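Keep the sequence and the 3D view at hand as you go.

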Amino acid sequence: MNGQEKKRRNHLLQPLLLSIFLLAVWLPQTSIAKDMLVPLHVKSGTNLIHLARDYCHQKSDWKTIANINKLRPPYLIREQSTLKVPLSRLKHKTLKAKLATMRGEVNIVDTNGETIPAKKGTLLSPGQTVVTGDSAYAHIIFPDHRYLNMEPNSKLTFNYLIGLVDQTVKIDFTLHNGRIFNKIIQRLQPNDSHQIRTPIAITGVRGTEYRIKDQGQASIFETLTGKVNVGAAGAGITLPANQGSRVQPGAAPEKPRPLPSPPVPPLLKPIFRVLPAVIPAPEHLQAETLRMRITADNAGLTTVKEVYCSPDEAFVIDSLPDGSYYSFFTAIDNEGFESLANGPLPLTIRTIPSAPVISSPKEGRISWDKQITITWLKGEQVDRFFYQLATDNAFKNIVVEQETTTPSLTTPELEPGDHYFRVQAISPDGFVTLYSPPLSWKMATQPEMQSATTTASEPLALRWSAMAEECTYDLQIAEDRQFTTLLLDKKAITTASYEVQKHLLPGKYFVRIRGVLSSEAIGPWTASQTLEIKRDPLGWKEVMIGVVMLGIILL
């Protein structure tokens, strides 16, 4: 047979194979019995008796197969077709899937109805149901290079997962609600099968990537690579790559339609050093919503967070542990169809340590001393600091710059004029934070032949880096690192600084802040930083009282 004849034969066989798929595997969800029917591939050169002999417990099971598939004498079967066989009649071994990774609340409903919390590495058996909660994800691995990602608020039941005598694997499960993403790495063998049901439709695939979304009143199927057969109400379609279809209850699958085009990915900073992180969304004419999916791996299999926004808004990452991630961007149109993903784009979150908070002196002060002492808070995971002292706020005219291991310094003698200071923290692994906001002061010429008196204590003024526009800040000062005994709990500070009015006794305290963009986007608390209040030097009144008390004791 030459190449053209083979191509013509394959073209003629495609509608036939789709019809066979519908006849062999389409069953309304309400009619699935305990003894499910498994699709069995008919290879060339076989007959019904041989099929029963090779795959079933008894040769006589050919009669059951004939009856279920409505075959009549002389019981001819077509090669490369599919027959339905009761699971109980097949020689098989039960296989298990593995919950490879998970995030958030994931539960397993056992065959007896008992609900137990899932754990990473849990083996999943047929009859069990996996349920993901809000902001929860589950990555499931099957025994033959098939993967499945469950997204938040999804429910999935494993109907069967078996291996046959010819080493092929057959999988069938039901998506009751929610969203899943399937990926089949290696092309399936003719007798392998991978079927996913929703309450109103069923799919069958042979090596592909695709998404299924149950929306309650409809199911959406989206093929990313390869082809997917979708069947409902006795009709079916073949869904090619980059196309989707919707299925309504009691209706045939809608005509395939192109998926939206992927969005142009936004420009991401090399490192996001503060949260909430605000990422402007790209423009997209077809999209009603843009989706940013953040994963722990560059293949996009292990989802840790997803963020949505409109094309004219911004993605807001309100909380995410420090680490290296990957981001994928998709566009969703007004009918719920989603584009292929654009990614992976590296995404690095590093908020600890945070930029130092300068505690003294007060911003914009006037000093008659040639030297001043500057102090700042030392956060967790800080090894040393790097500071700059300059005569301009652009820090082009540097007076001194160097590293120090202490959270304070006394400046060298300075000339009269304006001066600026900023400092950044360095972790033991070499990570460098943002600079603190510049501290500025004016060095004034001291009047000759004229004395000046100053108080030893100064108001406590705290400053920190601004996180984003229209951001407010919460500030806490506590006696303990766990912040159980609060001395100050100030909310909705509109500037990146705060002057503490409360008088603090000499001692050691702990300070932390967080950024607030809205009631739904509240950043995590920064790591605690240490604040030390030293005793004021004794004044003449205190000295005189001490002398009098000493005299009384001596008498």
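**Exercise 1.** How many bridges join strand β30 to β31, and do the two run parallel or antiparallel?

Solution. Start with the ground rules: this is a predicted model, where local features need pLDDT of at least 70 and side-chain atom pairs count only at pLDDT 80 or more, while totals for chains, interfaces and linings use all residues. Residues are numbered from 1 along each chain as its sequence is written, and side-chain values use heavy atoms, with hydrogens and water left out.

Step 1: find β30 at residues 384–390; 6 bridges join it to β31, and the two strands run antiparallel. Strands are DSSP runs (E, at least two residues), numbered from the N terminus, and two of them pair if DSSP finds at least two bridges between them.
Step 2: look across the pair, where Tyr 387 stands opposite Gln 402 in β31.

**Exercise 2.** Is Ser 125 buried or exposed?

Solution. Step 1: go to the loop between β7 (123–124) and β8 (129–132), where Ser 125 lies.
Step 1: Ser 125 has 19% relative accessibility, so it counts as buried (under 20% relative accessible area; exposed is over 50%, partly exposed in between, with a 1.4 Å probe and protein chains only).
Step 2: leaving aside residues up to four places away in sequence, Ser 125 touches Lys 96 and Phe 158 (contact means heavy atoms within 4.5 Å).

Note on methods
Helix = DSSP H or I, 4+ residues; strand = E, 2+ residues; numbered from the N terminus.
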